[in-house]
Amino acid sequence: LESAARELGKTTQFSASQAAEAMAFFAQAGFDSTKIIEAMPATLNLAAAGQLEMGQAADIVAKIMGGMGLEAAELGNTVDILAKAFTTSNTDLVQLGDAMKFVGPVAKIAGKDMSETVAVLQTMAQAGLQGGLAGTAFRGILAKLAGNGKEVSSVFGFLGVKIKDVDGNLRNTADIVEDFNRALGEKGVESADAMGMAIKAFGLRAGPWFTALLEKGAGTIRDFESALDDVGGTADNIAKVQMDTLTGSFKKMWSQISESAIKIGGIFMPMIERMAAGIE
């Protein structure tokens with residue numbers, strides 16, 4: 001791990017100490033040393049693309065993967081989904097991390113994958129709801145739909161909108177939004193009836209934001225979700241663009257200086273330790 005961190009310090013814009021900090025977050029998430037080393041390139045790209053410290057990016061992606069129950073082998077795709085999401089909608093990596101912290105575990109239980117979950121969060125961001133508030137709102141919507149309580153059953157039954165498929169799984173969010181809008185008919189999403197039914201079904205906290213999803217429409221969710229299904233190499237491409245600047249060059253230079261300092265410290269440390277022992 002030390003060797004890998006120092007190699008990153010020599011060859012990238014991040015210092016060895018920043019790489020080591022990122023490694024620590026993955027270790028806390030249960031990754032073994034092999035998986036940690038394999039995770040570093042993708043995490044480096046995410047940090048560069050999001051203009052964050054490497055440790056912060058590692059912390060965000062590790063928590064998201066833990067909440068969604070994703071395996072280490074899925075890290076690369078997860079990173080690319082996040083990079084695509086924060087560069088194509090009104091949100092950033094920190095806000096996405098905050099949102100996923102609240103909705104991720106519930107989305108996992110509800111059978112939602114990363115693409116659908118993030119696509120809904122992107123749609124909410126386009127409506128002005130970001131970060132933890134977006135995660136809380138979508139969590140509330142999913143919990144109500146999955147629970148199929150009296151209020152939800154009453155509203156959706158009245159409109160003739162199905163919540164689950166023939167196998168008992170929650171339908172795709174875009175499909176539910178599309179059918180809900182169709183059932184509203186001429187009244188439309190901006191009517192008082194639409195808001196009243198959304199609040200009755202999902203409560204005062206999540207109801208208005210379900211209405212926001214209705215307003216943005218199923219097409220918006222589907223467009224985001226479709227884009228997230230084909231994201232291979234996104235973080236790497238964005239990182240290269242971000243670092244092909246004067247600022248990126250300076251970061252890489254300081255990273256190399258940091259590695260030189262580590263080498264010099266390694267040479268003189270035994271001598272300093274002997275001197276310190278003599279003084280004692």
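Of the 280 residues of the protein chain, 45% count as buried, meaning under 20% relative accessible area, with exposed over 50% and partly exposed in between (1.4 Å probe, protein chains only). The model is predicted: local features need pLDDT of at least 70, side-chain atom pairs count only at pLDDT 80 or more, and totals for chains, interfaces and linings use all residues. Residues are numbered from 1 along each chain as its sequence is written, and side-chain values use heavy atoms, with hydrogens and water left out.

The chain holds 14 helices and 0 strands. From the N terminus on, its elements read α-α-α-α-α-α-α-α-α-α-α-α-α-α. Helices (H or I, at least four residues) and strands (E, at least two) are DSSP runs, numbered from the N terminus. Contacts are heavy atoms within 4.5 Å. Among contacts with a separation of 6 or more, residues 24 or more positions apart account for 69%.

Helix H5 covers residues 75-88. Its 14 residues should span 20 Å at 1.5 Å a residue, and its end C-alpha atoms are 20 Å apart, which agrees. The expected span is 1.5 Å times one less than the number of residues. Buried positions in H5 include Leu75, Thr78, Val79, Ile81, Leu82 and Phe86. Asp80 and Ala83 of H5 are also buried.

Threonine 234 lies in helix H13 (residues 234-243). It counts as buried, at 12% relative accessibility. Leaving aside neighbours within four places in sequence, threonine 234 is in contact with Asp80, Ala83 and Lys84.

Serine 115 lies in H7 and touches Ile81, Glu225, Leu228 and Asp229, not counting residues up to four places away in sequence. Serine 115 is buried, at 7% relative accessibility. Its side chain makes a polar contact of 3.1 Å with the side chain of aspartate 229. A polar contact is a pair of N or O atoms within 3.5 Å; within protein, one must be able to donate a hydrogen and the other to accept it, and residues adjacent in sequence count only if both atoms are side-chain atoms.

Glutamine 126 is also found in H7 (residues 114-126). It is partly exposed, with a relative accessible area of 35%. Beyond its neighbours within four places in sequence, glutamine 126 contacts Ser89, Asn90, Lys216 and Phe224. Serine 89 is 37 residues away in sequence, yet 6.6 Å away in space, C-alpha to C-alpha. A polar atom of the glutamine 126 side chain lies 2.7 Å from the backbone nitrogen of asparagine 90.

Helices H10 (residues 173-184) and H12 (residues 218-228) pack at about 165 degrees, with axes 8 Å apart. Thr173, Ala174, Asp175, Val177 and Glu178 of H10 meet Ala218, Ile221 and Arg222 of H12. Axes are lines fitted to C-alpha atoms, for helices over the stretch in contact, and angles run from 0 to 180 degrees between N-to-C directions. The two helices are therefore roughly antiparallel, a term for angles over 145 degrees.

Two loop residues have positive phi. Glutamine 51 has a phi of about 55 degrees although it is not a glycine. It is found in the loop between helix H3 (33-50) and helix H4 (54-68). Glutamine 51 is partly exposed, at 40% relative accessible area. Asparagine 148, also not a glycine, has a positive phi of about 50 degrees. Its loop runs between helix H8 (131-147) and helix H9 (150-159). Asparagine 148 is partly exposed, at 35% relative accessibility.

How values were computed
Angles under 35 degrees count as roughly parallel, over 145 as roughly antiparallel, 65 to 115 as roughly perpendicular and the rest as oblique.
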